[in-house]
Amino acid sequence: MAAANLHKDTVVYQIYPRSYMDSNGDGIGDINGIISKLDYLADLGINTIWFSPLYKSPDDDNGYDIADYKSIDPKFGTMEEFDILLAQAKKRGIGIVMDLVINHTSDEHEWFKKALEGDEKYRDYYIIRKGKNGKLPNNWGNFFAECPWSKFGGEDSEEYYLHLFSKKQPDLNWHNPAVIEEVKDIMRFWLEKGVVGFRCDVINIIYKDSLENGRPSPILTGMEHYLSTEGCHRILRELHDEVLEPYGAFTVGETVFVDIHKARDLIDEKRRELDMIFYFEHMEVDQVIVKWFKTQLKPQKLMECLTKWQSALDWCAVYFENHDQPRFISRFIDSKGFRKESSKMMAGLLMTLRGTPFMYEGQEIGMTNGDFADLEEVMDIESHNIYKMATKLHIPKGIRWKMIQRTSRDNARTPMQWNNSENAGFTTGKPWLKVNGNYKTVNVQTDMADPDGVRAFWKKMIELRKTNEILREGQFRSCIESKSVYAFKRVLDGKELLSVCNMTGKTVAVPEKIKGWNNVLVSSYKNYEKDVLKPFEFRLIEK
Ligand code: TEU
Ligand code: CA
């Protein structure tokens with residue numbers, strides 16, 4: 001496991017590099033832009049940054065299709081600049097976590113190109129099969145609503161390669177020991193530079209047990225053949241023991257479709273596989289069967305889900321936003337008119353749950369979903385694929401667009417809003433993705449000038465999370481999950497703290513059950529009142 005529980009004592013901030021800060025006016029965020037914001041980040045109090053992929057990539061899936069794992073894409077800068085970023089971050093006490101995307105490569109990776117040229121060695125890096133009687137090799141589904149098999153080497157070929165994501169993301173063959181060795185080498189390359197850990201992309205699906213047909217299912221037919229397989233567990237342990245442990249590095253696995261049982265196996269300390277995981281169940285409480293149908297959620301469902309996972313796992317990554325999810329305050333709660341209040345509530349909740357908090361760029365100023373007017377303004381491959389599929393299914397145009405607006409991953413990928421100048425101060429050029437029209441009021445500069453700003457509250461909660469031992473180590477005990485109020489205790493050596501969230505836009509009475517708690521350590525309102533909780537109020541209370 002990670003040295004000295006490094007991963008338990010940190011607050012992680014995720015940067016989506018192309019949307020953070022553009023230093024040269026080409027409309028794409030870059031490494032020098034990030035360097036210019038390190039003081040801002042150090043001041044916020046975070047102590048780890050996770051970067052979404054910075055490697056060379058044709059960007060079919062914004063960098064999650066990697067063409068060279070040991071490089072920096074020129075649009076982001078150079079390796080020398082990355083080394084400076086690493087050193088400058090370290091100087092400020094900030095460690096760097098890289099995104100390890102090893103379920104698949106880009107089809108423009110040298111390995112895939114060599115495979116296409118007929119090189120047997122590299123052919124065996126991928127999963128290539130002949131069709132069956134003129135049909136596809138199996139009936140599996142695909143994460144991006146495509147067909148998971150594409151012709152290998154041109155339309156006339158009889159062979160297909162497997163890709164669970166886009167056709168430009170061929171899946172690696174983890175049955176091949178050479179693939180494992182390549183990945184170890186890549187990991188050591190970044191660890192030698194001094195990165196402190198990896199966020200492991202869709203890590204629980206890398207090893208396909210078999211390529212048999214799957215049980216037909218509305219989502220991802222075939223997944224029983226690759227979800228958390230024994231082969232995957234074995235590989236994770238090998239990477240842990242041989243590569244991660246010697247460097248004292250930690251991992252957080254992005255583990256799709258895990259239930260509590262599977263999650264426990266992946267992070268069981270005795271099994272030595274992953275340090276933490278991102279589970280998804282709380283991200284799905286507002287969805288109807290598939291992720292592109294979402295409803296307005298009843299907060300109680302979210303509370304119950306959080307309690308379930310908090311109680312079941314000893315330690316976990318905690319998050320409400322990332323680059324794949326719509327913004328929390330546009331989504332889980334009916335926050336209209338209460339943008340600032342609900343953002344602060346989210347800060348209080350995130351920093352007081354048990355586990356390692358992961359926050360996402362823009363969350364600290366209460367950024368909201370993108371305000372795209374039509375599909376042309378949306379860049380995400382997944383959104384375009386879903387739109388195509390919905391068209392095929394004859395879903396009416398208006399509904400199709402609503403689906404995309406609500407669920408698109410681009411909602412959280414809009415450029416960071418730094419100030420109220422053109423393009424929110426993100427770029428002097430044309431931003432790669434439309435800046436949210438609310439940037440004149442929602443931006444870092446305006447928020448920091450506001451005595452009641454959102455960021456100041458995040459900063460306060462981050463500081464508390466890092467310094468208060470009950471928040472760091474205390475056990476979780478649920479207390480109230482009602483239609484409006486979520487309350488839970490953190491308990492350490494007989495000392496207790498109570499975290500309370502009003503998850504509605506209405507003022508509610510303080511529930512009887514917690515009336516004995518009198519010493520308010522923190523409220524998200526300056527003028528809070530003892531007996532009521534104001535709209536989206538957050539409180540941290542001692543007895
Ligand atoms: O995401 C994996 C994943 O399954 C989902 O989050 C996915 O983005 C989608 O919502 C499924 O419906 C990871 C990355 O975070 C994502 O950005 C990549 O596109 C994906 O893997 C492929 O590398
Ligand atoms: Ca740039």
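Analyst: We'll take the two ligand sites in turn, keeping in mind that this is a predicted model.

User: Which residues are the closest to ligand 1?

Analyst: Start with the shell, then look at its make-up. Here 17 residues surround ligand 1, and the closest are Asp61, Asp201, Asp324, Glu382 and Arg409. Sorted by class, that shell holds nine charged, six nonpolar and two polar residues.

User: Which side chains have a polar atom 2.8 Å or 2.9 Å from an oxygen atom of ligand 1?

Analyst: Go through the N and O atom pairs. Asp201 places a polar side-chain atom 2.8 Å from a ligand 1 oxygen, and for His323 the distance is 2.9 Å. Glu382 also takes part, with a side-chain N or O atom 2.8 Å from an oxygen of ligand 1. On its own, ligand 1 has 480 Å² of accessible area, and the protein covers 95% of that.

User: Where does ligand 1 sit?

Analyst: In the largest pocket.

User: What coordinates the calcium ion, ligand 2?

Analyst: For a metal, list the donor atoms, then check their spacing in sequence. The donors are Asp22 (OD), Asn24 (OD1), Asp26 (OD), Ile28 (O) and Asp30 (OD), at 2.3 Å. Along the chain, the donor residues follow the pattern D-x1-N-x1-D-x1-I-x1-D.

User: Why does Asp22 count as buried?

Analyst: Compare relative accessibility with the cut-offs. Asp22 is buried because its relative accessible area is 5%, under the 20% limit. Asp26, at 36%, is partly exposed.

How values were computed: Residues numbered from 1 in each chain as written. Chains lettered and ligands numbered in written order. Predicted model: local features only at pLDDT ≥ 70, side-chain atom pairs only at ≥ 80, totals over all residues. Heavy atoms only, no water. Near = heavy atom within 4 Å. Polar contact = N/O pair within 3.5 Å; in protein donor to acceptor, adjacent residues only side chain to side chain. Areas by Shrake-Rupley, 256 points an atom, 1.4 Å probe, with all protein chains shown as cover. 1 Å grid on protein atoms, 1.4 Å probe; cavity = no way out; pocket = protein on both sides within 12 Å on 5 of 7 lines; lining within 4 Å. Sits in = over half its atoms within 2 Å of the grid points. Nonpolar A, V, L, I, M, F, W, Y, C, P; charged D, E, K, R; others polar. Donors = N, O, S within 2.8 Å, 3.2 Å for Na, K, Ca; no water. Buried < 20%, exposed > 50% of the residue type's maximum accessible area, 1.4 Å probe, protein only.
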